Amino acid sequence: MPAGTGPSRRAVLGGTALIALPALCGCSGDDPARAAPPGPDVAVLSGAIGAEQDLIARYEAARGAHPSLAGHIDVAVAHHRDHLAVLRRHYVPGSGRQADDSATMPPTLPATVPATVPATVPATVPATVPAPSPQQVSGSPATVLAGLRTAEVQTAARYAADAGKSAPGLAQLLASLGACSVGHSGMSSSDISSVAKKKATPSTAALPPARGFTLEALQSALATEHAAVYGYGVVGARLTGGAHEAARTYWNAHRDQRDALMAHLTARQATPAAAAAAYKLPVRVASSRSAAQLAARLEDDLTVAYVGLAGAQDAQLRDQAARAAQEAMARAVRWRTTAGVPASHAAFPGLPASALSPRPRPGG
């Protein structure tokens with residue numbers, strides 16, 4: 001891709017300073033007037049912690065009932081344990097109104113959860129964080145695996161919905177977690193779209209001007225879509241049959257997404273970035289297999305771009321970006337399967353390492 005078309009570091013890091021949340025349990029003193037109320041993201045964060053605990057419990061129960069599924073389960077469990085650790089890390093004491101705020105952290109789940117997970121956990125868990133739900137495993141390995149994949153899609157849909165209601169930093173984290181869940185679900189991008197609510201059409205009415213991070217993230221996502229439209233033209237020329245039809249469908253989807261981003265920018269009184277005449281592609285296409293590998297790389301770049309855009313100030317953009325990141329991940333997994341290469345991905349796709357730890361604001 002030409003210089004400047006990929007998501008910038010600033011665009012991906014835009015909201016990370018906003019992830020830190022106020023303490024959940026108020027102040028340590030006895031004066032109720034000094035108690036810091038929970039921040040608006042606390043309910044979203046505690047719900048995400050509960051969702052990850054449930055997924056881990058469900059995976060571990062499935063593994064205990066069907067050891068033959070270990071190969072399908074172990075990587076996913078490791079990713080969800082990483083998610084839980086980072087979400088717990090954002091349970092930040094001392095970031096409320098008072099410098100002496102304190103909060104009780106939920107306990108880390110044990111390394112191995114029995115096939116039937118108890119409904120109760122230690123009493124140190126705050127009431128706002130649900131305990132893991134009891135998990136009963138029944139059915140054949142194929143049935144259990146299908147249930148796990150459905151649970152991943154449901155979790156991803158939850159994260160996409162919550163991204164639009166969260167502060168920008170937390171929204172970026174949720175967008176990344178949702179993309180990871182989609183990667184484990186094995187669902188197609190059309191399946192993901194059917195689970196998520198219908199994407200809103202950007203308004204053509206004048207909106208507040210896009211500036212700073214939001215403008216940069218929008219332009220970065222648009223530049224990445226321009227590259228994807230170009231790249232899919234190369235991909236489609238090397239494919240036949242069902243793969244060719246999929247490439248054509250995705251090419252049209254990226255053209256629509258490109259046009260939607262241009263409409264967003266125009267409505268926000270900004271000039272959309274123009275497409276380059278040609279792009280240096282990350283994979284040399286010489287066969288149907290390398291064409292599928294190129295398509296996967298294009299979708300990887302879009303996952304990064306849309307996780308970055310999930311840090312925009314506009315709630316509608318955060319919502320749409322989180323869903324677009326999930327759809328890009330679904331397409332990347334599909335193309336890696338077509339290419340016959342492992343459809344593996346990181347625990348936090350598109351999210352920089354600096355976003356994994358909160359930046360607490362001092363109380364006072």
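Leucine 309 touches Ala217, Leu218, Ala221, Leu261 and Ala321, residues up to four places away in sequence being left out of this list; contact here means heavy atoms within 4.5 Å. The structure is a predicted model, in which local features need pLDDT of at least 70 and side-chain atom pairs count only at pLDDT 80 or more, whereas totals for chains, interfaces and linings use all residues. Residues are numbered from 1 along each chain as its sequence is written, and side-chain values use heavy atoms, with hydrogens and water left out.

Confidence in the model was examined through pLDDT, the predictor's confidence in each residue on a scale from 0 to 100. The protein chain averages a pLDDT of 78, and 69% of the residues score at least 70. Among the elements of the chain, α9 has the highest mean pLDDT (97) and helix α1 (residues 9-13) the lowest (48). Helices (H or I, at least four residues) are DSSP runs, numbered from the N terminus. Over residues 93-127 the pLDDT is below 50, although this stretch has 94 contacts in the model beyond near neighbours in sequence. Residues 194-202 also have a pLDDT below 50, with 14 contacts beyond near neighbours in sequence. Where pLDDT is low, the predicted coordinates should not be read in detail.

A nonpolar core is a set of buried Ala, Val, Leu, Ile, Met, Phe, Trp, Tyr and Cys residues joined through side-chain atoms within 4.5 Å. Buried means under 20% relative accessible area, exposed means over 50%, and partly exposed lies in between (1.4 Å probe, protein chains only). The largest nonpolar core has 46 residues, of which Leu173, Tyr306, Leu309 and Phe348 touch the most other members. At least two residues of this core are supplied by each of α2, α3, α4, α5 (168-185), α7 (212-236), α8, α9 and α10. A second, separate core of 17 residues includes Tyr232, Ala246, Leu294 and Trp335.

Threonine 224 is placed in α7 and is buried, at 1% relative accessibility. Its side chain reaches the backbone oxygen of serine 220 at 2.8 Å. Alanine 305, in helix α9, is buried with a relative accessible area of 3%. The C-alpha atoms of alanine 305 and alanine 221 are separated by 5.1 Å, while the two residues are 84 residues apart along the chain.

Charged side chains were examined next. Side chains of opposite charge can pair when their charged atoms come close. The structure holds nine salt bridges, a salt bridge being a side-chain nitrogen of Lys or Arg within 4 Å of a carboxyl oxygen of Asp or Glu. In one of them, the side chains of aspartate 74 and arginine 63 meet at 2.6 Å, N to O. This pair links distant parts of the chain, with aspartate 74 in helix α3 (residues 70-89) and arginine 63 in helix α2 (residues 42-65), eleven residues apart. Aspartate 74 is partly exposed, with a relative accessible area of 36%, and arginine 63 is partly exposed at 35%.

A salt bridge also joins aspartate 314 and arginine 268 (3.1 Å, N to O). Aspartate 314 lies in the loop between α9 (288-309) and α10 (315-339), and arginine 268 in the loop between α8 (241-267) and α9; the two are 46 residues apart and link distant parts of the chain. Aspartate 314 is partly exposed, with a relative accessible area of 24%, whereas arginine 268 is buried at 6%.

Arginine 158 and aspartate 162 form a further salt bridge (3.9 Å, N to O). Because they are four residues apart in helix α4 (residues 141-163), these residues are separated by about one helical turn. An α-helix has 3.6 residues a turn, so residues three or four places apart point the same way. Arginine 158 is partly exposed at 38% relative accessibility, and aspartate 162 is buried with a relative accessible area of 9%. A network of salt bridges links Arg158, Asp162 and Lys165.

How values were computed:
Polar contact = N/O pair within 3.5 Å; in protein donor to acceptor, adjacent residues only side chain to side chain.
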